[in-house]
Amino acid sequence: MKIFHALKGDTWVLPFMKKYKKMLLLAIFLGLCTFLCGGALMFTSGYLISRSASLPENIIVIYVPVVLTRAFGIFRPVFRYIERLTSHNWVLKMTSSLREKLYITLEKQTTLVMNKIKLGDILGILSEDIAHIQNLYLRSIFPVLIAFALSLVVILALGVFSIGFAILIALWLLSVMLLIPFISLLFKGATEEKIRSEKLALYSEITDYVLGVSDIVFSGRGKEFAWKIEEKQENLRALQKKIHQHNRIRNLLLELSFGCLAVVLLIWTTQTFGETSQSANWIAAFVLAVFPLIDAFAPLSEAISESQVHAESIVRMNNLDAPLSQQTNQNELPTSFEIQLQNAHFSYEDKLIFENLNLTVPQGQILALLGKSGAGKSTLLKILRGDEQLSSGEVRIGNQNILTLSEKIDKLIGVIDQSPYLFHTTIRNNLRIANESATDEEIWEVLKKVELFDMVNLLPEKLDTLVDEAGLRFSGGERHRLGLARILLKDTPIVLLDEITNGLDPITERKLLNVLFRELSGRTILWVTHHLLGVEKANRVVFLENKQILMDNTPKNLEKENSLYQELLLLDRGI
């Protein structure tokens, strides 16, 4: 089966099963006790009813079955309740650990695989795959193990009376546990997989639409996209209806098979216990004991038929670990912070952005990156950060390829973009995102450096002041300074600045640049900018155009010698 192949070398499901194995065994034992009590309850009830109907000479004759009936009647719901508490507690611990591992894995690999794993795929893993793994425990592992344990008990019990009949029942149980489920899998497996694929595709498509909702609305195609989503949902409902119809037919066959078992037991008990006056007691006991077993074996068909979907989920989650095997030197940071792009090629949706691009940024250098819209300036920063991967070529920081630094990249590179995001929490928490161990003294110190000390100190609740959603209570310049404060608390040797002055007035822009370059002195800085105000603070200017570096020199030399740069300066100054 595909599920066994998926579990081979698994690092997601099996490790947690071993970690919580005691609780797993307890849940299985309690489940077995539940069904044993159910069968015993019907067995003793059947015997008691038949024995009572034969007018016993003394009430003492039926005293034991009365007590056992009451005992099994009490213990069955008790064991069921405790088993549900134990199994669900076990599953919640497992799925909690799975989610934690998923978040940690995504965090570690974000800089490497976000260009391969779409947001919709991540939502699909969270909402579908984790749920499937939860069902794997509740609807597959538990029922299968309990059914096998119960089968063993039933066969051994019948073997006491007749070895031949025990073998016959063993074959029948084998067909119930394997034959019917596998036939079910054969007919509905492809449909189950199609439903899962449709759901994942729907998640991805809805995510794309949500992220691009403004463009869709402005293009006047909102109704068209809504209709497409509704059409996909209707197709999904049709597939689910087909599954429900199949389940009803399968359950009917299962009920008929148990009905046949009851008839077989009726014949066997009649032959075994003879036709004495006492035989009716045992006939009723054995036949009635069959019916509670349906609850134990009925989930097996669903469990095995869903195993293919569970296997796909396990494979998908284990695939998240694949990039980790390619990482090396995880315990080492680069010995220097020089940035190198070597023979870099990058394409986006079949559009070539860079071709054989080579660029070296020495440690401590401030490099201003210019270029027309679409030239790839911001894309270059994403590549340096690891958020995009080159089609070919290499990016190195110091002596290491960035592909070996996925877990360390946040310690090396800080980013301030066009609009630093402020969360709807306190100023303290917004800054501690960069450094959870930062003390209030350290926070006040960086606020002084970014010239926000007085502003925050005048607030009634100071660092405990609640920031409005998206930081709307702060001006653009203040948000950028808070972004700089995060960088200072994080203390990364490399800083990427992406159009940080976009939308700011000239006075605020100049003040912000003065603070930025004063406080980031000594760090390696790559500064993407759309105009030349403050560019004289850079050690070097690089202009990207036509997939290549068009010019590369100091601001002073370019102003003296490069006609294109001179033209850009005149345009920027409005001359």
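E451 and R518 pair up in a salt bridge, with their closest N and O atoms 3.3 Å apart (a salt bridge here is a side-chain nitrogen of Lys or Arg within 4 Å of a carboxyl oxygen of Asp or Glu). E451 sits in the loop between α15 and α16 while R518 belongs to helix α18, so this pair ties together parts 67 residues apart in sequence. Keep in mind that this is a predicted model, where local features need pLDDT of at least 70, side-chain atom pairs count only at pLDDT 80 or more, and totals for chains, interfaces and linings use all residues. Residues are numbered from 1 along each chain as its sequence is written, and side-chain values use heavy atoms, with hydrogens and water left out.

**Around the E451–R518 pair**

- E451 counts as partly exposed at 45% relative accessibility, and R518 is partly exposed too, at 42% (buried means under 20% relative accessible area, exposed over 50%, partly exposed in between, with a 1.4 Å probe and protein chains only).
- The loop that holds E451 runs between α15 (440–449) and α16 (453–457), and R518 is part of α18 (residues 506–519); helices (H or I, at least four residues) and strands (E, at least two) are DSSP runs, numbered from the N terminus.
- Leaving aside residues up to four places away in sequence, R518 touches K449 and E451, where contact means heavy atoms within 4.5 Å.
- R518 and V450 are 68 residues apart in sequence, yet their C-alpha atoms are 9.5 Å apart in space.
- E451 has a phi near 65°, a positive value in a residue other than glycine.

**Other salt bridges**

- Searching the whole structure turns up 14 salt bridges.
- One of them joins the side chains of D440 and R428 at 2.9 Å, N to O; D440 is in helix α15 and R428 in helix α14 (residues 427–432), 12 residues apart.
- D440 also meets R432, this time at 3.5 Å, N to O.

**Overall make-up**

- The protein has 20 helices and 10 strands, and buried residues make up 46% of its 575 residues.
- Looking at contacts between residues at least 6 apart in sequence, 76% join residues at least 24 apart.

**Nonpolar cores**

- The largest nonpolar core has 52 residues, and W90, Y137, F258 and F297 have the most contacts inside it (a core is a set of buried Ala, Val, Leu, Ile, Met, Phe, Trp, Tyr and Cys residues joined through side-chain atoms within 4.5 Å).
- Helix α5 (residues 119–161) gives the most to this core, with 11 residues.
- A second, separate core has 45 residues, including V450, L484, I500 and M551.
- Which residues does F258 touch? Not counting residues up to four places away in sequence, F258 touches W172, V176, V290, L293, I294 and F297.

**Annotated segments and a surface patch**

- The unreviewed UniProt entry puts "transmembrane region" on residues 24–48, 60–79, 136–157, 163–187 and 252–270; such annotations may be inferred rather than shown by experiment, feature names are shortened, and positions follow the numbering used here.
- Residues 24–48 are 100% helix and 0% strand, with end C-alpha atoms 36 Å apart; residues 136–157 are likewise 100% helix and 0% strand, with end C-alpha atoms 30 Å apart.
- I74, F75, V78, Y81, I82 and L85 make a nonpolar surface patch with about 580 Å² of accessible area together (patches take residues with over 30% relative accessible area and no salt bridge, joining like charges within 9 Å and nonpolar side chains, Val, Leu, Ile, Met, Phe, Trp or Tyr, within 5 Å).
- V78 lies in helix α4 (residues 63–113) and is partly exposed, at 37% relative accessible area.

**Backbone and helix details**

- N343, in strand β1 (residues 339–348), has a positive phi near 50° despite being a residue other than glycine.
- In helix α12 (residues 377–385), K377, L380, L381, I383, L384 and R385 are buried, and just after α12 G386 takes a positive phi of about 90°.

Technical notes:
Accessible areas come from the Shrake-Rupley method with a 1.4 Å probe; for residues, only the protein chains shown count as cover.
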